Amino acid sequence: MSTERLLAHPLGDSAVTISFGTERSTALLQRIQTAARSIESAGIPVIREVVPAYLALTVFYDSLSTTYQEIAEQLLALSGKMPAPDKRPAKSRDHVIPVRYDGMDLEAVAAATNLTASQVISIHSGRSYTVDLLGFVPGYAYMSELDPRLHLPRRPEPRPRVPAGSVAIAAAQTGIYPLETPGGWHIIGTTAAVMFDPARDPPALLAAGDVVRFEVLT
Amino acid sequence: MITVVKAPAYLTVQDRGRTYGRAAGVPSGGAMDMFAISAANVIVGNDAGAAGLEWALGGGSIRFERDCAFALAGARVEASLDGKVVAPCTTAHAGAGSVLSVGQFVSGRFLYVAVSGGIDVPILMGSKSTYLPAHFGGYEGRRLKSGDTIPLGPETNPRPEAGLHCAADLMPPYDGGIVHVTSGTNERMFDEAAWSVFTESAYRVTAASDRTGYKLEGSRIGNPVGTLPSEAGCPGTIQVPGDGLPIALMADAPTVGGYPKIAVVSEADLPILAQRRPGESVRFELIGIEQSQRASRRRAADLQAISLLASRGKRT
């Protein structure tokens with residue numbers, strides 16, 4: 001476990017970013033997600049929201065009711081409490097997402113990786129993934145860790161329109177487009193799962209720390 | 001109810017933005033000029049967080065279908081109610097059937113129209129604001145069109161008297177062009193030379209500017225790393241991509257991003273930047289977080305003062 005010192009820095013008037021380290025790793029990500037959950041469950045009334053990321057977490061707060069100094073000290077104290085190193089963050093959920101592997105880039109991915117399409121499918125669906133963070137567009141989950149045999153850089157030219165529900169891969173990650181947006185990942189399949197619904201609570205199907213497995217629909 | 005008689009190219013429902021949703025990748029959103037929408041709301045007797053109209057890209061007209069108080073704030077425009085001139089930041093009364101016409105935008109970019117009772121649309125993630133990129137919030141998740149009828153909420157407070165004015169000395173100094181910033185979360189990545197470039201040059205807002213962000217033009221700032229692992233940003237974040245020309249993230253700022261963040265605009269001054277048109281310039285001045293938070297508390301106190309004035313006005 002890293003023993004690097006935690007650092008707090010204001011992100012404008014109403015947020016504070018706590019940095020946990022400088023090197024991306026699964027252990028660091030888990031530690032940050034665990035800290036995010038313990039901050040959420042501490043029930044500090046001025047806290048509005050916690051956004052965990054790869055090297056840091058950011059807490060948004062009501063700056064009319066507290067000062068930066070005060071909240072930063074509180075958060076550093078809470079974040080410094082180390083969880084057991086191998087423990088999965090509490091409250092994370094498991095999901096099985098059915099996928100029809102009919103993506104427009106499936107054959108191209110197979111060709112570029114020297115695999116057959118059915119090998120790509122069995123490798124992609126053959127392991128579970130952890131949600132690193134959500135972003136890019138509402139409900140878009142960046143998931144790790146893709147099998148190294150499937151690692152490909154992003155497409156050189158992003159597509160102007162990727163349909164909602166597209167299951168895609170790029171570098172060491174996989175993701176699902178919740179809305180029709182531009183996108184540069186390789187599309188290998190489609191899911192009917194609703195990744196984001198503004199009227200649902202919570203609106204995003206996945207949250208940071210959740211574990212996802214893809215089920216092959218034939 | 002309000003009827004959109006002639007829609008401008010851009011007209012949406014906005015309020016002070018979402019209270020949650022960032023962890024799910026949903027931007028906080030809300031009005032580009034939070035002070036203007038809040039001020040317009042309080043002088044018509046609404047809560048500062050009520051929903052109003054955000055209006056840009058040209059004139060148009062709307063019809064009030066019930067008696068109400070309304071006010072305009074933000075961009076300076078030529079406006080009239082049934083032919084009579086409407087003053088900025090001033091409470092006006094409208095009878096059912098009267099038409100508010102907005103003509104030329106004299107200065108500024110976003111006009112706000114607050115109506116007593118506020119606009120009544122569903123609340124999603126703590127807000128009635130429209131998020132156009134994902135087509136949700138506000139009125140059917142879209143810009144308003146001619147012929148749309150927008151529901152108003154019940155008026156819970158008596159209407160303040162007509163003529164109640166929000167004095168200029170309570171408003172952000174829109175014309176000054178000085179925008180205060182605090183240092184960003186990646187400040188250490190920028191050396192002294194980069195900081196002097198950033199704080200000593202004027203930056204022009206380019207045409208590549210919208211609710212998501214304003215691309216700025218001016219002296220280039222060295223970006224030593226390209227991109228970093230993504231972390232949270234917020235409206236007002238000034239990030240420096242590889243080309244060295246900063247981008248100020250605005251109301252619909254993506255929740256996370258990987259460009260190094262050199263600074264964040266003080267909440268008190270974000271309206272000044274938001275109201276800058278393409279071609280207009282600002283200068284950034286670095287201050288500490290204590291000073292920045294004090295400025296934002298002062299703005300909140302100013303709003304409170306205006307709100308008090310409004311509630312006194314209604315008893316006279």
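Residues are numbered from 1 along each chain as its sequence is written, and chains are lettered from A, with ligands numbered from 1, in the order in which they are written. Because the model is predicted, local features need pLDDT of at least 70 and side-chain atom pairs count only at pLDDT 80 or more, while totals for chains, interfaces and linings use all residues; side-chain values use heavy atoms, with hydrogens and water left out.

**The interface**

Select both chains and look at where they meet: 41 residues of chain B are in contact with 38 residues of chain A, contact meaning heavy atoms within 4.5 Å. The area buried between the chains is about 3100 Å², of which carbon and sulfur atoms give 63%; buried area is the accessible area (1.4 Å probe) that two parts lose on being put together, summed over both.

Next, select Glu49(A) and Arg22(B), which form a salt bridge whose closest N and O atoms are 3.6 Å apart. A salt bridge here is a side-chain nitrogen of Lys or Arg within 4 Å of a carboxyl oxygen of Asp or Glu, and the count between the two chains is 1.

Now show helix H4 (289–313) of chain B, one of the elements that each supply at least two residues of the side touching chain A. The largest share of that side, 7 residues, comes from H4(B). Helices (H or I, at least four residues) and strands (E, at least two) are DSSP runs, numbered from the N terminus.

**Strand S4 of chain B**

Move to residues 60–64 of chain B, which make up strand S4, where 4 of the 5 residues are buried, that is, under 20% relative accessible area (1.4 Å probe, protein chains only). S4(B) pairs with strand S1 (residues 2–6) of chain B in the antiparallel sense over 4 bridges, two strands being paired if DSSP finds at least two bridges between them. Within this pairing, Ile2(B) stands opposite Phe64(B). S4(B) also pairs in the antiparallel sense with strand S8 (residues 99–115) of chain B over 4 bridges, and there Ser61(B) has Ser101(B) as its bridge partner.

**Strand S2 of chain A**

Finally, select residues 15–19 of chain A: this strand, S2(A), has 4 of its 5 residues buried, so it is largely enclosed by the rest of the structure. Strand S1 (residues 7–10) of chain A pairs with S2(A) in the antiparallel sense over 4 bridges, with Ala8(A) opposite Ile18(A). In the hairpin of S1(A) and S2(A), which has 4 residues between the strands, look for Gly12(A), which takes a positive phi near 75 degrees.

Definitions and conventions. Buried means under 20% relative accessible area, exposed over 50%, partly exposed in between (1.4 Å probe, protein chains only).
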